[in-house]
Amino acid sequence: EMLGDDDIHSGLARVDARVTRNLTLEAAGIATRARSDIRGAAPGLLVGNVNNVSQVYAVYVGPSFTPPAGPVVFGANYRLGYTKVETPTFGDTTIGGQRLDYYDDSIGNTATARASVAPGLVAPFGVTLSGAYDRETANQLKQRYEGYYGRGDILQPVSPYVALTAGVEY
């Protein structure tokens, strides 16, 4: 009799390193297990020889930069990420042996930037402008997602402990 894979990988790690006063590099990773097929068994414990469970691995890395600029605080970062999913290779005869079109892997890119001025430096209120670009390319069916985002916020202090904020986003 042949037994399935009984390796168990799970964990989460994150590290950042300050390269200069204004530049930080960050990296992180996760390894975990998840239910593979919504039509199959729903195991409560994901340990041991369990059918219908996938291994999920993901990592990302990227810099964050904050240059000095007087009363305006600038910030920008970029993240490159990779996700890989290993799915079981069994066929369930109760559903005709059909498998779902499983997710395999993807590469993601995210870039963000912001500029803000604290209340009282230029005006009685603070202002923050921010934007982002997000793109993911998945191997499954050659999928691609792209998103562009912009946001403006105003912060108005009303006491030393309370401030009102309002924002507009696209």
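Accessible areas here come from the Shrake-Rupley method with a 1.4 Å probe, and for residues only the protein chains shown count as cover. The model is predicted: local features need pLDDT of at least 70 and side-chain atom pairs count only at pLDDT 80 or more, while totals for chains, interfaces and linings use all residues. Residues are numbered from 1 along each chain as its sequence is written, and side-chain values use heavy atoms, with hydrogens and water left out.

Next, switch to a cartoon view. The chain has eight strands and zero helices. Strands (E, at least two residues) and helices (H or I, at least four) are DSSP runs, numbered from the N terminus.

Now colour by burial. Of the 170 residues in the chain, 18% are buried, meaning under 20% relative accessible area; exposed is over 50%, and partly exposed lies in between (1.4 Å probe, protein chains only).

Then select Val59, Val61, Tyr78, Leu80, Tyr82 and Ile107, which make a nonpolar surface patch of about 490 Å². Strand 3 (53-65) and strand 4 (72-86) each give two or more residues to this patch. Strand 4 supplies the largest share, three residues. Patch residues have over 30% relative accessible area and no salt bridge; nonpolar side chains (Val, Leu, Ile, Met, Phe, Trp, Tyr) are joined within 5 Å, like charges within 9 Å. A salt bridge is a side-chain nitrogen of Lys or Arg within 4 Å of a carboxyl oxygen of Asp or Glu.

Finally, pick Tyr78, in strand 4. Tyr78 counts as partly exposed because its relative accessibility is 34%.
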